[in-house]
Amino acid sequence: MNLAVNARMRCPREGSSRGTGNVTLDEEFCKKVRNVYPESMCCWRVRDTGHGMDGETLDHIFEPFFTQRGRQGTGLG
C-alpha cells in the first residue's frame, strides 16, 4: 500500500498500476532467485514512466528518514 501512496504523491500524472493476478513460482525460476521458494502468490504489476531521480536524491535513498515530501506521507517509505 505504501508503494501506491508514495507513487501517487510523487507522480500524480505518470505511471500506472497494471493490475493483480496469481503467479506460481516454479523450481526453475527459484533456482535463479535467492531466497525464493516454489509456491503460488499474488502479483501486483506496477509501471513507472517517471523521469527518475537526480544524483543528489540517489545519494540519500537508503537513509531511513530521508524524504522530499515535508510533512505529507505515511511514514517510512
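A contact here means heavy atoms within 4.5 Å. Among contacts between residues at least 6 apart in sequence, 51% join residues at least 24 apart in the protein chain. Before clicking further, note that this is a predicted model: local features need pLDDT of at least 70, side-chain atom pairs count only at pLDDT 80 or more, and totals for chains, interfaces and linings use all residues. Residues are numbered from 1 along each chain as its sequence is written, and side-chain values use heavy atoms, with hydrogens and water left out.

**Whole chain, cartoon view.** Helices (H or I, at least four residues) and strands (E, at least two) are DSSP runs, numbered from the N terminus.

Now colour by pLDDT, the predictor's confidence in each residue, from 0 to 100. The protein chain averages 78, and 77% of the residues score at least 70. Where is confidence lowest, and where is it highest? Helix 1 has the lowest mean, 72, while helix 2 (residues 27–32) has the highest, 91.

Switch to a surface. The accessible area of the protein chain is about 7,000 Å², with 52% of that belonging to carbon and sulfur atoms. Such areas come from the Shrake-Rupley method with a 1.4 Å probe; for residues, only the protein chains shown count as cover. Of the 77 residues, 8% count as buried; the cut-offs are under 20% relative accessible area for buried, over 50% for exposed, and partly exposed in between (1.4 Å probe, protein chains only).

**Select Leu3.** This residue is in helix 1 (residues 2–10). Skip its neighbours within four places in sequence, and Leu3 is in contact with Trp44 and Val46. Leu3 and Val46 are 43 residues apart in sequence, yet 9.5 Å apart C-alpha to C-alpha.

**Select Cys42.** You're in strand 2 now. Not counting residues up to four places away, Cys42 touches Thr20, Gly21 and Asn22. From Cys42 to Thr20, the C-alpha distance is 6.9 Å across 22 residues of sequence. Is Cys42 buried or exposed? Cys42 is exposed, because its relative accessible area is 58%.

**Select Asn35.** Look in the loop between helix 2 and strand 2. The phi angle of Asn35 is near 60 degrees, a positive value in a residue other than glycine. Asn35 counts as exposed because its relative accessibility is 60%.

**Select Met53, Leu58, Ile61 and Phe62.** Together they make a nonpolar surface patch of about 450 Å². Met53 is in the loop between strand 2 (39–47) and helix 3, and is partly exposed at 49%.

**Last stop, Thr57.** It belongs to helix 3 (residues 55–58). Thr57 counts as buried, because its relative accessibility is 7%. Beyond its neighbours within four places, Thr57 is in contact with Phe66 and Gln68.

Definitions and conventions
Patches are made of residues with over 30% relative accessible area and no salt bridge: like charges are joined within 9 Å, nonpolar side chains (Val, Leu, Ile, Met, Phe, Trp, Tyr) within 5 Å. A salt bridge is a side-chain nitrogen of Lys or Arg within 4 Å of a carboxyl oxygen of Asp or Glu.
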